[in-house]
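Here are a few friendly notes to read alongside the structure.

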Amino acid sequence: MLKTVPRVLSSRNDLIAIAIARYITSDNKVGARDSQQANRFNSTSSPIRKKSTQTTRMVKAKKYVLVKHFVNDPKPTDLKLVEEELPPLKNEEYLVEAEYLSVDPYMRPYVQRYPLGSTMIGGQVAKIVESKNPNYPVGKRIVGYLGWRTHTIINPKIIDETDMMQQRPYILPDIGDLSPSLGLGVLGMPGNSAYFGLMEICKPKSGETIVISAAAGAVGSHVGQIAKNLGLTVIGICGSDEKCKWLKELGFDATINYKTAPVAETLRKVAPQGVDCYFDNVGGEISSTVIYQMNPFGRIAVCGGISTYNEDALSLPKCTVLQPAIIINQLRMEGLVIWHWLNRWNEGIEQNLQWIREGKLRYRETVTKGFENMFDAFIGILHGENFGKAIVQV
Ligand SMILES: NC(=O)c1ccc[n+]([C@@H]2O[C@H](COP(=O)([O-])OP(=O)(O)OC[C@H]3O[C@@H](n4cnc5c(N)ncnc54)[C@H](OP(=O)(O)O)[C@@H]3O)[C@@H](O)[C@H]2O)c1
């Protein structure tokens, strides 16, 4: 049965509040294929106890289960919202309640590798509401890859080596009166991707020129501001005039709306000096175009390829070959996986927090209200609805 749910989208520090109709179905079934694998992912060897077979009611959790792998644009019917009863806590365990959930582009390609029946993947900031572990006291908040679920029991001693999300739940550091949701954005994974990707891969120098794609997203808007503070000329590519305007407010020197302007021609105009660093969030033809305007010894951080996430992996679209530009200009191109800097995680958070406190780093969140609107928030980032970090407030 289809039903319509109102969705409120608000942009923190800003004005937008729109209502969008949404459709969900309640009659999906978990596919039989892969059920064995799904059991493995739900097994008790996971640090996250996802399933209860006990009948005594303690807490009811809601979660989204993958019932069909995405084909092109994800559809609401690919996921099913289900309820489960959680068992009483055992020693060492603690129970958390989600306050903010993250929707991120990586979910689109990553979840394809999980079996049907798995809980939809994702990070959240959650409050500890019950605990049998003195290291995780009631009232503290954690940041963890618990999936799209409202309540979760965690045993920190059990580690699931099969999980692609390599970070264990951690206590949200003290960020004073800032919103805990920042632990999913500027003071979390996207913020650290911006910081380490720019500093360690692009190795920016004052006076150089950097181009950033998906520049009005969580990572891009952050990269541009650090680069500006370091004395670079900063050019952002994004998908609307309103986003271009916001990037200018953040201090970007020039912007290109890739939906309305020819990227190659416009980039030649705004960067006649050529490009030294490229922070690539989108891949595809936009990236080929930028790379052909790079200077000798330019550096490219390949952070994401969102322009192809909705494509069939077996028939990816073709784009201009890069080898001539890379060879002739002796460019250095390096992939970024944020887990590489897990051992420096707090350094990134502390540095970004300091820049926020000093007024050198601004952030924006696009907040969708209601756990029942997770899917819309997720599809929204693939369609470019968000300014800055997209999150869902439960
Ligand atoms: N490797 C890592 O460890 C790591 C870590 C974090 C993020 N990432 C990657 O970094 C990228 C940015 O992440 P984020 O969190 O900043 O994303 P985000 O805030 O969710 O923003 C994504 C933006 O991408 C743009 N976009 C969507 N489809 C596009 C297309 N076909 N062509 C060009 N732009 C498109 C949209 O803005 P427009 O309106 O401008 O189109 C959208 O708002 C993603 O590719 C993500 O997977 C990688």
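**Notes on the predicted model**

1. Let's begin with R108, which counts as buried because it has 20 C-beta neighbours inside 10 Å, and 20 or more is what a buried residue needs. Do keep in mind that this is a predicted model. R108 sits in helix 2. Leaving aside residues up to four places away in sequence, R108 touches F70, P74, Y309, N310 and L382. R108 and F378 are 270 residues apart in sequence, yet their C-alpha atoms are 8.9 Å apart in space.

2. Now for the chain as a whole. The protein chain has 10 helices and 20 strands. Of its 394 residues, 42% count as buried. If you take the contacts between residues at least 6 apart in sequence, 68% of them join residues at least 24 apart.

3. T119 is a residue to look at next. T119 lies in the loop between helix 2 (107-110) and strand 9 (124-131). Is T119 buried or exposed? T119 counts as buried, because 26 C-beta neighbours fall inside 10 Å.

4. Next comes the ligand site. Which residues come nearest to the ligand? Of the 30 residues around the ligand, these are G217, V219, G239, G304 and G384. The shell divides into 17 nonpolar, 11 polar and 2 charged residues. At least two shell residues are supplied by each of helix 3, helix 4 (218-229) and helix 10 (374-382). The largest share, 3 residues, comes from helix 4.

5. On the helix 3 side the contact is made by G191, N192, Y195 and F196, and on the helix 9 side by W345, G348, I349, Q351 and N352. These contact residues divide into 4 nonpolar, 5 polar and no charged.

6. Helix 7 (residues 284-291) has a buried set made up of I286, S287, T289, V290 and I291. What covers these buried residues? The cover includes strand 13 (209-213), strand 14 (233-238), strand 16 (275-280) and strand 17 (294-302), along with helix 6 (263-270) and helix 8 (323-328).

7. Two backbone angles are worth a check in your viewer. As background, most residues other than glycine have a negative phi. A214 has a positive phi of about 45° although it is not a glycine. You will find A214 in the loop between strand 13 and helix 4. A214 counts as buried because it has 29 C-beta neighbours inside 10 Å.

8. The other angle belongs to E92, where phi is near 80°, a positive value in a residue other than glycine. E92 is placed in the loop between strand 7 (79-86) and strand 8 (94-102). With 16 C-beta neighbours inside 10 Å, E92 counts as partly exposed.

Conventions
Residues numbered from 1 in each chain as written. Predicted model: local features only at pLDDT ≥ 70, side-chain atom pairs only at ≥ 80, totals over all residues. Contact = placed C-beta atoms within 7 Å. Helix = DSSP H or I, 4+ residues; strand = E, 2+ residues; numbered from the N terminus. Nonpolar A, V, L, I, M, F, W, Y, C, P; charged D, E, K, R; others polar. Buried ≥ 20, exposed ≤ 12 C-beta atoms within 10 Å, placed from the backbone. Near = placed C-beta within 6 Å.
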